[in-house]
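Q: I would like to learn how to read a protein model, one feature at a time. Could we go through it together, with the general idea before each case?

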Amino acid sequence: MAHTDQRSTAVPAAGIIAILGSVFTVISISFALVGLFISLSTPRTAQMLPNLRLIFAATMVAFLAVAIFGIASGVGLIRFRNWARISVLVWSGIAVPFSLVAMAAMVSVPLPPAQNSPIPNAALQ
């Protein structure tokens, strides 16, 4: 069997998808942070936990760091770096159980019925 030095096109494609997903995440987090800073200038109409905004900002910064690492991993995949392949495999292994739990939670949480829905309430249950 002859050994060819051809590289798979799936690895750079995965890198491009990782970059696009991470860029979308960075944009989404940026909008969330802008909304947070806008809300700082508005009066509080409802009772909130004392440090809720701080917790939200810290969470968004942590997600931003992960998204930036996703961009770096995507670039590493395009350049066929071994560390990037390992990184993507580890993150995939971590993401699968979290995603399964999130999907189960979304399916099991009941939604409130709409006020003027043409669908009867019995059909929604």
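Q: In what order do the elements of the protein chain run from the N terminus on?
A: Helices (H or I, at least four residues) and strands (E, at least two) are DSSP runs, numbered from the N terminus. Here the order is α-α-α-α, and the protein chain has four helices and zero strands. Please keep in mind that this is a predicted model, in which local features need pLDDT of at least 70 and side-chain atom pairs count only at pLDDT 80 or more, while totals for chains, interfaces and linings use all residues. Residues are numbered from 1 along each chain as its sequence is written, and side-chain values use heavy atoms, with hydrogens and water left out.

Q: What percentage of the residues of the protein chain count as buried?
A: A residue is called buried under 20% relative accessible area, exposed over 50%, and partly exposed in between, with a 1.4 Å probe and protein chains only. By that rule, 14% of the 125 residues of the protein chain count as buried.

Q: Is S22 buried or exposed, and which residues does S22 touch?
A: S22, which is placed in helix α1 (residues 10–40), is buried because its relative accessible area is 10%. A contact means heavy atoms within 4.5 Å, and when residues up to four places away in sequence are not counted, S22 touches A67, G70 and I71.

Q: Where is S87 found, and which residues does S87 touch?
A: S87 is found in helix α3 and counts as buried, because its relative accessibility is 9%. Leaving out residues up to four places away in sequence, S87 touches F69 and S73.

Q: Where is I86 found, and what separates its C-alpha atom from that of S73?
A: I86 is also a residue of helix α3, but I86 counts as partly exposed because its relative accessible area is 48%. The C-alpha atoms of I86 and S73 are separated by 9.5 Å, and these two residues are 13 residues apart along the chain.
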